[in-house]
Amino acid sequence: MADPPQSGDARATAYAGNVNIQHPGVCATVGLSGDGATLPAGTYYDNGTYVDIWTFPPGRTVTGVVVKGGDAYNVYPATTLGDLPWEGLHAPLDNGDNVPAISHWFACVTEPATTTKSTTNSTATTSLDSPVASRSTTTRPATTTTTAKAAALVAAATTTATTTTAATSKATTPAAGTKPANGLATTGFNAAWPLLTGLALIATGLALLLLPRRRPQH
């Protein structure tokens, strides 16, 4: 019976056999959460025997790393690796207690939780969820609207004054043919002007009569 593989690293647990990123539920198989994934270039260094991981993909969490070499593989949980960078990750030791070349390796990665936040816009309240788009704004009325209102007020005042004047004139001037309070019928004819004209003519005649006549010279 073959001896169990030796991880050669206190941070890892060694398992005999093979494991591959294409296997369904591969991360769950090795006791890690997330899905198997290869890390993007620039986040790690791999010299064929050791792997160093410097950073995680943006918005992703790496829960562990699996390194396969020879007839076994090492599982490195993130809880044993501590803070980044993770350096010197390798496959289990071979029979000569040497670190074998890496055949393949991958990480187990979880996606960030997606939170849907609903925002209710109201004209009565100001939402603090959004500093520009959700605030309700009040638009100042255009100048033309104010001018139109002023013109309407002037027109209304003019109409009121005209109506009042007409009503007053109607109330103070009896219509032609109506009977006033003194009992005499009003025909609409004003007799004051002919009377004044006649008096003026009489006065003129008297003045001419009273002027001293000029005696003829001999």
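**Figure 1. Strand β8 is largely enclosed by the rest of the structure, because 5 of its 7 residues are buried.** The model shown here and in the following views is predicted. Burial is counted at under 20% relative accessible area. Strand β8 comprises residues 104–110, and Cys-108 is one of its buried residues.

**Figure 2. An open sheet of 5 strands contains β8.** The strand order is β1-β6-β5-β8-β2, and the pairing is antiparallel. At the edges lie β1 (13–16) and β2 (35–37), each of which pairs on one side only. On average, neighbouring strands of this sheet are turned by 30° against each other, direction ignored.

**Figure 3. Strand β8 pairs with β5 and with β2.** Strand β5 (residues 61–69) runs antiparallel to β8, and 7 bridges join the two. The antiparallel pairing between β2 and β8 extends over 3 bridges. Cys-108 of β8 has Gly-64 standing opposite, and Gly-36 also stands opposite Cys-108. Val-109 in β8 stands opposite Asp-35.

**Figure 4. A disulfide joins Cys-27 to Cys-108.** The sulfur atoms of the two cysteines are 2.1 Å apart, within the 2.5 Å cut-off for a disulfide. The count of disulfides in the model comes to 1. The bond links distant parts of the chain: Cys-27 belongs to helix α1 (residues 26–29) and Cys-108 to strand β8, 81 residues apart. The torsion about the S-S bond is about -105°, so the disulfide is left-handed. Both Cys-27 and Cys-108 are buried.

**Figure 5. A cis peptide bond joins Leu-84 and Pro-85.** The omega angle of this bond is about 0°. Pro-85 is placed in the loop between α2 (78–81) and β7 (86–89).

**Figure 6. The largest pocket holds about 380 Å³ of space.** The pocket is lined by 16 residues, of which Asp-3, Pro-5, Leu-93, Asp-94 and Asn-95 are the closest to its centre. By residue class, the lining of the largest pocket divides into 8 nonpolar, 4 polar and 4 charged residues.

Definitions and conventions:
Residues are numbered from 1 along each chain as its sequence is written. This is a predicted model: local features need pLDDT of at least 70, side-chain atom pairs count only at pLDDT 80 or more; totals for chains, interfaces and linings use all residues. Side-chain values use heavy atoms; hydrogens and water are left out. Helices (H or I, at least four residues) and strands (E, at least two) are DSSP runs, numbered from the N terminus. Two strands pair if DSSP finds at least two bridges between them. Axes are lines fitted to C-alpha atoms, for helices over the stretch in contact, and angles run from 0 to 180 degrees between N-to-C directions. Buried means under 20% relative accessible area, exposed over 50%, partly exposed in between (1.4 Å probe, protein chains only). On a 1 Å grid over the protein atoms alone, a cavity is a set of points where a 1.4 Å probe fits but cannot get out, and a pocket is an open set with protein on both sides within 12 Å along at least five of seven lines; lining residues have an atom within 4 Å of a point. Grid points are joined across faces, edges and corners, and a volume is the space filled by probe spheres set on the points. Ala, Val, Leu, Ile, Met, Phe, Trp, Tyr, Cys and Pro count as nonpolar, Asp, Glu, Lys and Arg as charged, and the others, Gly among them, as polar.
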